[in-house]
Amino acid sequence: MFELLGIPPQVLFGQLLLGLINGSFYAVLSLGLAVIFGLLNIINFTHGAQYMLGAFGAWMLLNYLGVGYWWAVFIVPPIVGVTGIVLERVLIRRLYHLDHLYGLLLTFGLALIIVGFFRQFFGVSGLPYPPPPLLTGGHNLGFMYLPNSRAWVIVASLIVCLATWFIIEKTRLGAYLRAATENPVMVGAFGINVPLLVTLTYGFGVALAGFAGVLAAPIYAVNPNMGADLIIVVFAVVVIGGMGSILGSILTGFGLGLIEGLTRVFYPEGSAVVIFVIMALVLLVKPAGLFGRSV
Amino acid sequence: MTTDTNPIAIAAITSVGAAGMPRHHFAIFAALFVFLIAAPFLLYPIFVMKVLCFALFACAFNLLLGYGGLLSFGHAAYFGMASYVSAHAAKVWGLTPELAIIAGTLVAAVLGLAIGSLAIRRHGIYFAMVTLAFAQMIYFFSLQAAFTGGEDGIQAVPRGHLFGLIDLRSSEVLYFFVLAIFFAGILLIYRIIHSPFGQVLKAIRENEPRAISLGYRVNRYKLAVFVLSATLAGVAGATKAIVFQLASLTDVYWTMSGEVVLMTLLGGMGTVFGPIVGAAVIVTMQNYLATFGDWVTIGQGIIFVVAVLLFREGIIGVLAKWIRKPL
């Protein structure tokens, strides 16, 4: 068996695969943030909590109602999306006329409340979510072993990312959305219901977070704190990529996941901070982000 | 951050007393001083010292948010790192408490310079995200570095002898040392706010393009206020490590950054006395709700939501509107 710089290929590809999985979550979550930011101009700090809600939603369906994983993949994201729509209609809507930073503070407070409640009632030890039978096996690809559960996460998030890109860039609804991002008043003058569009966009972005949470449930333990640290890394991903472009968010997410995986192979101590270091470099060289427009 | 009402604007018409300070400000400082001299005999001194440390932290943060208009979501980095360095200096290097605090403060200043010079390249919410991300990097560093003690933190930090002479083991003696640091800190912040430099900061906060067109080098002002704020947050963190004889991961985690935002928001952004009140309220709430576990987090979240939706001026901001004087 050949070795690369003293690293056995199983280890290298194994870590790259783990990196791709993390990258899938970065991509789906940063995509949701970018979609919300584009129209609402707020950074949704509740995103991590909503990702956690997705995982808990899948867990509750299984344990309280006996509904399995494959149903949860389709049922949970819309439910999480609806909770987002309620938040937008009742609370977030009231802040649009103010400085965008108030939106950040409000969603931060909401995240504390949601995570606090789940910690109070479910503890912090983490609840197991057994993977469905279809995802338990794996395939030997010759150079590495590919577990089905991981292949599924990567494929599913790629499909969702590309579908989102297609909706926003190629459909009439997406055209309204992009137009409203540029000039909401003008779009409203053409008879489009912009406030409804804003609400639905927030719901869609939140549903993406819920979807990521369902994907995460069988891989990571279901835990109230699972979103908190992840969302900060996703913020760094968003700063690196810039929120101007949908494809940019997807590419940056997967790319940074891979880089993180490589770092874990060659310099394990640095793997927790590598994304932040890249963020510092990007801020030095191209402050607007790799795919971003200025400011 | 721009607010819809601006209490500072009334400053011009208020009467001016000693040392160019409006009379009612002088009166409040005097009353605060008298109260804090008496406080350790009425209340538990360790509790009051905790309030003082967090009040200084919140005032330092308010200098950046309330007057510079920059929302940092990563101020735990300076508070926590200064706390670690001060604890390490006092325990391992055997420095006297004042030197340990100075060491922690210097590290916070350097850290503020490094992170600030990168963060000011972005605006608004990106600035908040960048500062948060860098603070998380400092957190991971603290988790892995050898000198911080990882999950255990640095425990049993000696309080030592002030200037090598005065034994600080008694909480009453230590209290007056902390009180001196607190007052020096907030008077310095007061001076900065009311200096020409502070006026330029307010101009940048209100309208950055106009400040640029007037010829001000806006980025230098922003970096300067960022470093000042980080440094003073460092003083608070370093002092806290000596008071509690402990530096831990809690001090450097993002929840701490959130708490200082909450204290400032609740007390009143851009007011002199608001952050002190906000810190007192939040620390008291934490003390009384400590046995209820996660209800503290939920309570903080609810205060955030209510403060953002219903009274963005904060407690002192509302009070200032009532008496029609800036506080």
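Reader: Among contacts in chain A between residues at least 6 apart in sequence, what percentage join residues at least 24 apart?

Author: In this predicted model, the share is 76%. Each of those pairs counts as a contact because the two C-beta atoms, placed from the backbone, lie within 7 Å.

Reader: How many of the residues of chain A count as buried, and what makes a residue buried?

Author: A residue is buried if 20 or more other C-beta atoms lie within 10 Å of its own. Of the 295 residues of chain A, 48% count as buried.

Reader: Which elements make up chain A?

Author: Chain A has 11 helices and two strands. Along the sequence the pattern reads α-α-α-α-β-β-α-α-α-α-α-α-α.

Reader: Why is a set of residues called a nonpolar core, and which residues have the most contacts inside the largest one?

Author: The name is used because the members are buried residues of the kinds Ala, Val, Leu, Ile, Met, Phe, Trp, Tyr and Cys, joined through C-beta atoms within 7 Å. The largest core has 202 residues, and among those with the most contacts inside it are A:Ala236, A:Met279 and B:Met81. Helix α2 (residues 45-67) of chain B gives the largest share of this core, 17 residues. Leaving aside neighbours within four places in sequence, B:Met81 is in contact with B:Val107, B:Ala108, B:Leu111, B:Ile138 and B:Val252. In soluble globular proteins, nonpolar side chains tend to be buried together.

Reader: How do you know that α2(A) and α4(A) cross, and which residues make the contact?

Author: The axes of helix α2 (residues 47-65) of chain A and helix α4 (residues 100-122) of chain A come within 9 Å and cross at roughly 30°. This crossing of α2(A) and α4(A) is left-handed. Among the residues making the contact are A:Met52 and A:Phe56 of α2(A), with A:Ile114 and A:Phe118 of α4(A). By class, the contact of α2(A) with α4(A) has eight nonpolar residues, one polar and no charged.

Reader: How many residues of chain B are in contact with chain A, and which helix gives the most?

Author: In chain B, 37 residues are in contact with 35 residues of chain A. On the side of chain B that touches chain A, α5(B) gives the most, with 14 residues. That side has 24 nonpolar, 10 polar and three charged residues.

Key:
Residues are numbered from 1 along each chain as its sequence is written. Chains are lettered from A and ligands numbered from 1 in the order in which they are written. This is a predicted model: local features need pLDDT of at least 70, side-chain atom pairs count only at pLDDT 80 or more; totals for chains, interfaces and linings use all residues. Helices (H or I, at least four residues) and strands (E, at least two) are DSSP runs, numbered from the N terminus. Ala, Val, Leu, Ile, Met, Phe, Trp, Tyr, Cys and Pro count as nonpolar, Asp, Glu, Lys and Arg as charged, and the others, Gly among them, as polar. Axes are lines fitted to C-alpha atoms, for helices over the stretch in contact, and angles run from 0 to 180 degrees between N-to-C directions. A crossing is left-handed if the near helix is turned anticlockwise from the far one by less than a right angle, and right-handed if clockwise. A residue is buried if 20 or more other C-beta atoms lie within 10 Å of its own, exposed if 12 or fewer, and partly exposed in between; C-beta atoms are placed from the backbone.
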